[in-house]
Amino acid sequence: MQKRVTFRNLWLPYLLLAPQVTITLIFFIWPASQALYQSVLMEDAFGLKSEFVWLENFEAIFTDSNYLASMKTTAIFTVSTTLLSLSTSLFFAVKADRVIRGASVYKAIMLWPYAIAPAIAGVLWLFMFNPGNGIIMLALEHLAYNWNHVLNGDQAMVLVVIASAWNQIAYNFIFFLAGLQMIQQSYIEAAAMDGAGPTRRFWTIIFPLLSPTTFFLIVVNIVFAFFSTFGVIHAVTEGGPYQATEILVYKVFRDGFVGLDLGGSAAQSVILMAIVISLTFIQFRYVERRVEY
Amino acid sequence: MVENRSFQKVVTHSSLIIGVFIIIFPIYIALVTSSHEQAEVASTVQTWFGSAFLDNYSTILTTGRESTGAIPISLMMWNSLIMAVGITVGKIVISIISAYAIVYFKFPLRMFFFWIIFVTLMLPVEVRILPTYEVVADLGLLNSYTGLILPLIASATATFLFRQFFLTIPDEYVEAARVDGAGPIRFFIDILLPLSQTSIAALSVILFTYGWNQYLWPLLITTEESMTTIVMGIKRMIVVEDSVPEWNLTMATALLAMVPPLAVVVGMQRQFIKGLVETEK
């Protein structure tokens, strides 16, 4: 936590901490406490007076069918994105771990999506699925499958899931590969000598040894799907059609910023805060030794 | 590997080629589309390059489109660059000095400050959209670079990374510095900063990408079109009223939006991977 040998100075440490702490107080802690405060207030129609209403805003949220639908949408979106991205990147990481010739070229290209903003990833996939001139859309049409994510909610969900999972592949790939390279070769050789084939070795040795990495990545991917995918949703579907892709973060934005429902939006913020706090807690409590180096 | 069968090699390589294909294909399609005229991509799919490449890029870079308020993309890229560099430099500066205070000094309330910094991890901007917007508005920072940069530079992750790195530096350095009569500021500038170069480089790649790719924050606090960043500006090119999006120009913009962070990540690949894996440790 700290050095054995330290400097002694009455004011310098405070001066050094001042910028970070000031910004945190003004732009993090103060707004968060405002959200907490507003979440128990209700404003009148003209925004002139506000009244303390206990947990009425929360009650309103949890009985609002739109909010419950948004929770369900978020759950589907998060689970699908996480599963799709983790399984694909694990598959490619395992292959990349095996290869010797050309390895650096494969690895270098697998990193690319990390540099691409979620919104831009969304735009790339949106174009390929675009009704009228999207290449994948036309290929599907060729197979007699009718694609129109502008009207079909399930298809819109598939589109944002693919774009988000694609965007997150690089991150997962890097961590899986780092995890795989830490597994001692001797375990695998021993298993091979006992006659276990590659598939069996993967499921009985590699996969269990990789579990700290996998667990860490599950948490990170949930956080990503919950919060960082705002750009994908906003740029590609705007939560539509008919709220089919309206995840919680997008709903907070729309209700608060576009709909100007202060109390309701604040209460939604508080719920999201609770979710991040629990995820951070899980990450620090149970994923202490995340990657076995 | 244990087995060295050529069949397996073929499977491995073809899987990886599929992987690379999945990554490159969307980018390739964007690149091809950006080289055609509007009429050529409006209702047909193009799979090979056209001849309008230079025209398209010079159009968007210099004159911009109606749909984006006729703001040239070069201006949006400039805004993105200022924001990304500002966030990178700002985060590194305030994180390295606060990590220095926490690791190298004993003072009252040290743990309290540590927790305040830790809390930022749990409060991403997405969960406090409206109140943060109000603070920035009250301070008169809407539509300003300060407003784009300042609220995003507090960072627990960067502070933790520097803290972790400082803890690995042998105590003898401090003792030697003290014997030579160097004070804390001297020690920081002459010894700690040079030793931290690798960490700073690694972090720069991650933070530049983070800053450049911001979407929600600029969306909230910029209303003037001249302050638009490229990553959020592209949205206006997709949603156009009463007409079809100019996909060739939109794809050109998408490519311009990804080139700077991609160049940094690819160019500093080794530092980047090391930094990423270290930060999350």
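Q: Which residues touch the most other members of the largest nonpolar core?
A: Keep in mind that this is a predicted model. The largest nonpolar core counts 141 residues, and helix H8 (residues 153-181) of chain A gives the largest share of this core, 15 residues. Those that touch the most other members are A:Ile120, B:Trp217, B:Ile230, B:Val231 and B:Phe272.

Q: With neighbours within four places in sequence left aside, which residues is B:Phe272 in contact with?
A: B:Phe272 is one of the core residues that touch the most other members. Its contacts draw on both chains, with neighbours within four places in sequence left aside. From chain B come B:Val205, B:Ile206 and B:Val265, and from chain A come A:Leu111, A:Tyr114 and A:Ile174.

Q: How many residues does the other core hold?
A: Another core lies apart from the largest one. Among its members are B:Ile102, B:Val103, B:Met122 and B:Leu203. The size of this other core is 36 residues.

Q: Why does the end-to-end distance of helix H1 of chain B agree with its length?
A: Helix H1 (residues 6-33) of chain B has 28 residues. The expected span takes 1.5 Å times one less than the number of residues, so H1 should span 40 Å. That agrees with the distance between its end C-alpha atoms, which is 39 Å.

Q: Where does H1(B) bend by about 40 degrees?
A: Look for the proline, B:Pro26, in H1(B). This proline follows the bend within four residues. The bend itself is at B:Ile24.

Q: Is B:Thr33 buried or exposed?
A: B:Thr33 is found in helix H1 of chain B. Leaving aside neighbours within four places in sequence, B:Thr33 is in contact with A:Phe127, B:Val41, B:Trp247, B:Asn248 and B:Met251. Its relative accessibility is 2%, and the cut-off for buried is under 20%, so B:Thr33 counts as buried.

Q: What is the volume of the largest cavity?
A: The structure holds one cavity of 30 Å³ or more. Residues of both chains line the largest cavity, including A:Phe127, A:Asn133, B:Ile29, B:Thr33 and B:Gln46. The space in the largest cavity comes to about 50 Å³.

Q: Which residues are the closest to the centre of the second largest pocket?
A: This pocket has a volume of about 330 Å³. Helix H12 (230-236) of chain A and helix H14 (235-238) of chain B each supply at least two residues of its lining. Of the 17 residues that line the second largest pocket, the closest to its centre are A:Leu126, A:Val150, A:Val236, B:Ile238 and B:Val239.

Q: What separates the C-alpha atoms of B:Glu134 and B:Pro170?
A: B:Glu134 sits in helix H6 (residues 129-138) of chain B and counts as partly exposed at 27% relative accessibility. Leaving aside neighbours within four places in sequence, B:Glu134 is in contact with A:Gln38 and A:Leu262. B:Pro170 is 36 residues apart from B:Glu134 along the chain, and their C-alpha atoms are separated by 46 Å.

Q: Is B:Leu109 buried or exposed?
A: B:Leu109 lies in the loop between helix H4 (73-104) and helix H5 (110-119) of chain B. Its phi is near 70 degrees, a positive value in a residue other than glycine. With a relative accessible area of 53%, B:Leu109 passes the cut-off of over 50%, so this residue is exposed.

Notes: Residues are numbered from 1 along each chain as its sequence is written. Chains are lettered from A and ligands numbered from 1 in the order in which they are written. This is a predicted model: local features need pLDDT of at least 70, side-chain atom pairs count only at pLDDT 80 or more; totals for chains, interfaces and linings use all residues. Side-chain values use heavy atoms; hydrogens and water are left out. The bend at a residue is the angle between axes fitted to the seven residues ending there and the seven starting there. A nonpolar core is a set of buried Ala, Val, Leu, Ile, Met, Phe, Trp, Tyr and Cys residues joined through side-chain atoms within 4.5 Å. Buried means under 20% relative accessible area, exposed over 50%, partly exposed in between (1.4 Å probe, protein chains only). Contact means heavy atoms within 4.5 Å. On a 1 Å grid over the protein atoms alone, a cavity is a set of points where a 1.4 Å probe fits but cannot get out, and a pocket is an open set with protein on both sides within 12 Å along at least five of seven lines; lining residues have an atom within 4 Å of a point. Grid points are joined across faces, edges and corners, and a volume is the space filled by probe spheres set on the points.
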